[in-house]
Amino acid sequence: MDDPVAAGAAVRLSGLRKSFGEVRAVRGVELTVAPGEVLALLGPNAAGKTTTMEMLLGLTTPDAGEVTVFGRTPRRATAEGLVGAMLQSGGFLGEMTAREIVGVMAAQYPGSLRVADALARAGVEKYAKARYGGLSGGQKQRVRFAAALVCDPDLLVLDEPTVAMDVAARADFWAAMREYTTGGRTVIFATHYLAEAQEFADRVVLMRHGEVIADGSVAAICAKVDGRTIRANVPGAALAELRRLPGVGSAETRGERAELHCADSDAALRALLAAWPAAYDVSVTAMSLEDAFVVLTADDAGERV
Ligand SMILES: Nc1ncnc2c1ncn2[C@@H]1O[C@H](COP(=O)(O)OP(=O)(O)OP(=O)(O)O)[C@@H](O)[C@H]1O
């Protein structure tokens with residue numbers, strides 16, 4: 001490994017491929033993650049995010065390509081306690097308590113946190129003695145977070161970590177994550193909550209059909225998509241008519257509420273108001289990560305990226 005960035009990387013994925021029968025889940029992913037980066041892995045359902053993470057953790061064997069985690073094989077990095085993971089699949093025995101689960105994890109790694117600290121960081125103390133099987137979905141997620149944290153890993157890999165958490169639990173979770181990353185530790189998380197990526201990630205990697213289609217800061221990803229978004233209530237307008245307006249790249253409607261992604265929002269706005277003078281509640285905004293996501297992952301978007 002001659003490249004010093006790659007040599008010191010937290011994670012390096014090169015030429016990674018994985019198929020399940022006819023399904024080409026991951027098609028040649030290249031990714032180098034520096035220590036200390038907080039990276040959000042985004043993409044629509046079936047984009048290949050979970051499969052990529054499972055290969056990164058050594059849980060799935062790639063058909064081709066190479067994975068290193070802190071210069072080691074994924075299994076070795078995990079065995080050394082360098083990696084903590086929270087995945088969608090797999091759970092814990094329902095009869096065990098959170099304290100027992102986290103205790104079992106801690107016993108495997110010499111440099112682990114105290115069990116009570118991991119439970120506190122994940123906000124689990126109140127139900128630490130309750131059976132895992134009797135907890136709610138969001139509570140189970142917190143226990144899984146405590147189990148991922150307890151080995152005090154340098155890299156956390158989290159697949160949709162806040163799914164099933166309520167608003168307060170999500171806020172607690174991200175506060176704990178901020179504390180964890182302050183020391184320069186690395187996080188890779190997949191999410192469908194784009195606001196979480198926008199707020200917490202230094203870097204966003206967008207996958208679609210098993211490939212990385214965009215990689216950069218939130219600002220850089222948004223800048224990949226030219227233009228602005230016009231939102232307006234447009235009584236009587238058909239979607240096809242809106243899509244044909246000058247300057248409009250793509251459009252969606254919900255009832256009379258229209259959302260137009262525009263390369264030239266000035267031209268689009270003039271034409272919109274000329275055609276439908278009764279349009280109201282009009283706003284024109286720069287691209288958000290969510291807008292960019294919609295445009296970049298649309299099925300005809302392959303040529304734009
Ligand atoms: N064990 C498996 N057996 C067969 N097909 C699989 C398996 N795991 C994943 N796939 C397929 O690979 C593709 C990618 O799935 P993956 O779970 O990696 O996507 P994802 O981006 O994580 O999706 P989601 O956002 O829905 O979690 C999908 O078409 C999925 O059906």
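The model is a predicted one: local features need pLDDT of at least 70, side-chain atom pairs count only at pLDDT 80 or more, and totals for chains, interfaces and linings use all residues. Residues are numbered from 1 along each chain as its sequence is written.

Let's start with the overall layout. The domain assignment, which is automatic or taken from a database, gives domain 1 (4-222) and domain 2 (226-286). Their C-alpha centres lie 39 Å apart.

Now to the interior. A residue is called buried if 20 or more other C-beta atoms lie within 10 Å of its own, exposed if 12 or fewer, and partly exposed in between, with C-beta atoms placed from the backbone. A nonpolar core joins buried Ala, Val, Leu, Ile, Met, Phe, Trp, Tyr and Cys residues through C-beta atoms within 7 Å. The largest such core has 75 residues, and Val 11, Val 102, Ala 146, Val 150 and Val 157 have the most contacts inside it. A second, separate core of 15 residues includes Ile 230, Ala 268, Leu 269 and Trp 276.

Helices (H or I, at least four residues) and strands (E, at least two) are DSSP runs, numbered from the N terminus. Helix α12 (residues 289-297) is largely enclosed by the rest of the structure, because seven of its nine residues are buried. Among them are Leu 289, Asp 291 and Phe 293.

What surrounds the ligand? Taking residues whose backbone-placed C-beta atom lies within 6 Å of it, the shell is Phe 20, Val 23, Ala 25, Gly 43, Asn 45, Ala 46, Ala 47, Gly 48, Lys 49, Thr 50 and Thr 51. β2 (23-33) and α2 (49-56) are the elements that give two or more residues, and α2 gives the most, with three.

Most residues other than glycine have a negative phi. Phe 70 and Asp 152 have positive values instead.

Finally, is Ala 107 buried or exposed? Ala 107, in helix α4 (residues 98-107), is exposed, with 11 other C-beta atoms within 10 Å. Ala 107 and Val 150 are 43 residues apart in sequence and 9.6 Å apart in space, C-alpha to C-alpha.
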